Amino acid sequence: MAEFDLNINTELARKILTAFISDELQRHGFNKVVLGLSGGIDSALACYLAAEALGAENVLALRLPYRESSPASLEHAQLVIDDLGVQAKTIDISEIVDPYIEDYPDMDKVRKGNLMARARMMVQYDHSEIFDALVLGTGNKTEILLGYSTIFGDGAYALNP
């Protein structure tokens, strides 16, 4: 069986990704991004890359919890916000999605998750208009390739590093 070197040159990858963010924004006439910061590694990495590429003042990180979201996720997201000094806002999406969920008491977790992903993206796009920014994707490419991405939800970004 052939052996493959799966090591990655992280410095080169970082340079490529930050240049991609900067170049794509400039190409479309923007210099700011909005992103959903969940507290997970994917959104944290996207936030760090965006802050490096654009400057912390040009990044708006939105924490978008649902009432059942883990408090640890908010805490982890706050650690990123504090470390980078990016602009941030927390918006509870419960009042956006609960009226719909209440009409379907037998709604399973998949439907609820898809609804919440789309509500979060709706809020991000609204704030992209307020902040004069593009929405930065935070999903990793493996998830996208495996189909673990919600159309018009976490898969609805303007650009994804």
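Q: What's the handedness of the crossing where α4 passes α5?
A: Right-handed, meaning the near helix is turned clockwise from the far one by less than a right angle. This is a predicted model, where local features need pLDDT of at least 70, side-chain atom pairs count only at pLDDT 80 or more, and totals for chains, interfaces and linings use all residues. Residues are numbered from 1 along each chain as its sequence is written, and side-chain values use heavy atoms, with hydrogens and water left out.

Q: And which residues make that contact?
A: From α4, Ile96, Val97, Tyr100 and Ile101; from α5, Lys112, Leu115, Met116, Ala119, Met122 and Val123. Contact here is heavy atoms within 4.5 Å.

Q: What angle do α4 and α5 pack at?
A: About 145°, with the axes 10 Å apart, for α4 (residues 94–102) and α5 (residues 109–131). Axes are lines fitted to C-alpha atoms, for helices over the stretch in contact, and angles run from 0 to 180 degrees between N-to-C directions. Helices (H or I, at least four residues) and strands (E, at least two) are DSSP runs, numbered from the N terminus.

Q: Switching to the sheet, what's the strand order?
A: β3-β2-β1-β4, an open sheet of four strands with parallel pairing. Strands pair if DSSP finds at least two bridges between them.

Q: How many bridges join β2 and β3?
A: Four, and β2 covers residues 59–63. Leucine 60 has glutamine 87 of β3 as its bridge partner.

Q: Which strands does α5 touch?
A: β1, β2, β3 and β4, with its direction at about 160° to that of β1.
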